[in-house]
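Please look over the sequence and the model that follow, and keep both in view while reading.

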Amino acid sequence: MQIDIQVGAIDKFHADAIVLNAFEGATTLGGATGAVDRVLNGLLHDIIVSGDFKGKVGEASVIYVRGALASPRVILVGLGKQERFSATVARRASAAAARKAQDMGLKHIASVVHGAGAGGLEASEAAQAVAEGAALVTYRFSDYKSGANKPSLEQLTLVELDPEKIAAERAGAQAGETLANAVCLARNLVNRPPNYLTPTMMGEMAQAMAEANPKLKVTVLDREAIARLGMGALLGVAQGSDEPPRFIILEHGPQDAPPVVIVGKGITFDSGGISLKPAVGMEEMKGDMAGAAAVLGAIQ
């Protein structure tokens, strides 16, 4: 998903839908939601006071505006009680809107930055939460699916009326996108089947990461190097497989600083030890390398 930021009034912005918000129990609408409601002659207010939209966290309703706005739809999402609002709520609101848009087959939505106004969040924190929520909820793993894939939401534009907030929101959105991409990398690794994602393949992926980023240094130990270092436990586990073992070390940052070490288990399939695991749940054992996947995502 591409995430960008634009300055302007969201009612003038053209996308497949614009995303607005409202707190639970709100009797008046402020900010961008209030401005759009005035353009729509109170339509959003009527939907709220009628009880059709309650403003609960995770709630999302679609309103068709029949040419009254530059965009054909409004997705109205709930922020819950105002006194309980947080960055987590902003993330959930963004996720609810993005999920609704993706389920409808929309390609591009434009959203207010939930929480950057009446929510009281710092602009960068709010933008990061909105970017994370949308990017994480629209994740799909379809590498091995044949035929046409379901449509994916391709673009999220954050629309901000106040130009003084743009720099902070751009930095926050970039941080959110970076974190979401790291999470999705870990998800992709865990979702890949073990007959594909072998220790050799994980080592090659770590090497590719280091080649793409000059700040990274990679060392991938093979069976002989592991044996020279006396890693008997790892060698013992590896004897249960035809696949050769690998031990992956990724380093980032200044080498003269005290290191922070993150360790993740990377057994690409765990069938059991002295006793084999039961058949029920055996397919989940491809996730035994999720710790290593999380480390690779964090380092990226």
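Which residues do ring pairs link into a cluster? The cluster consists of Phe141, Tyr144 and Tyr196, where rings of Phe, Tyr and Trp (its six-membered ring) pair if their centres lie within 6.5 Å, and planes under 30 degrees apart count as stacked, over 60 as edge-to-face and the rest as tilted. This is a predicted model, in which local features need pLDDT of at least 70 and side-chain atom pairs count only at pLDDT 80 or more, while totals for chains, interfaces and linings use all residues. Residues are numbered from 1 along each chain as its sequence is written, and side-chain values use heavy atoms, with hydrogens and water left out.

A search of the whole structure finds three aromatic pairs. One of them joins phenylalanine 23 and phenylalanine 85 edge-to-face, at 5.8 Å centre to centre and with 85° between the planes. Phenylalanine 23 sits in the loop between E2 and helix H1 (31-39), and phenylalanine 85 in the loop between strand E4 (73-78) and H3, so that parts of the chain 62 residues apart are linked; helices (H or I, at least four residues) and strands (E, at least two) are DSSP runs, numbered from the N terminus. Both phenylalanine 23 and phenylalanine 85 are buried, a term that means under 20% relative accessible area, with exposed meaning over 50% and partly exposed in between (1.4 Å probe, protein chains only). The rings of tyrosine 144 and tyrosine 196 are edge-to-face because their planes stand at 70°, with the centres 6.0 Å apart. Tyrosine 144 belongs to the loop between H4 and E6, and tyrosine 196 to the loop between helix H5 (166-191) and helix H6 (199-212), so this pair ties together parts 52 residues apart in sequence. Tyrosine 144 is partly exposed at 46% relative accessibility, as is tyrosine 196 at 38%.

Charged side chains make further links. Side chains of opposite charge can pair when their charged atoms come close. Taking a salt bridge as a side-chain nitrogen of Lys or Arg within 4 Å of a carboxyl oxygen of Asp or Glu, the count comes to eight. Among them is the bridge between glutamate 251 and lysine 217, whose closest N and O atoms are 3.9 Å apart. Glutamate 251 lies in strand E8 (residues 247-252) and lysine 217 in strand E7 (residues 216-221), so the bridge ties together parts that are 34 residues apart in sequence. Aspartate 288 forms another salt bridge, with lysine 265, at 2.9 Å between the closest N and O atoms. In this pair aspartate 288 is buried, with a relative accessible area of 18%, whereas lysine 265 is partly exposed at 46%.

Glycine 8, in the loop between strand E1 (2-7) and strand E2 (17-22), touches Val159, Glu160 and Leu161, not counting residues up to four places away in sequence, where contact means heavy atoms within 4.5 Å. Glycine 8 and valine 159 are 151 residues apart in sequence and 6.3 Å apart in space, C-alpha to C-alpha.

For the protein as a whole, there are nine helices and eight strands, and the C-alpha trace spans about 75 × 50 × 35 Å along its principal axes. Of its 300 residues, 40% count as buried, and residues 24 or more positions apart account for 71% of the contacts with a separation of 6 or more.
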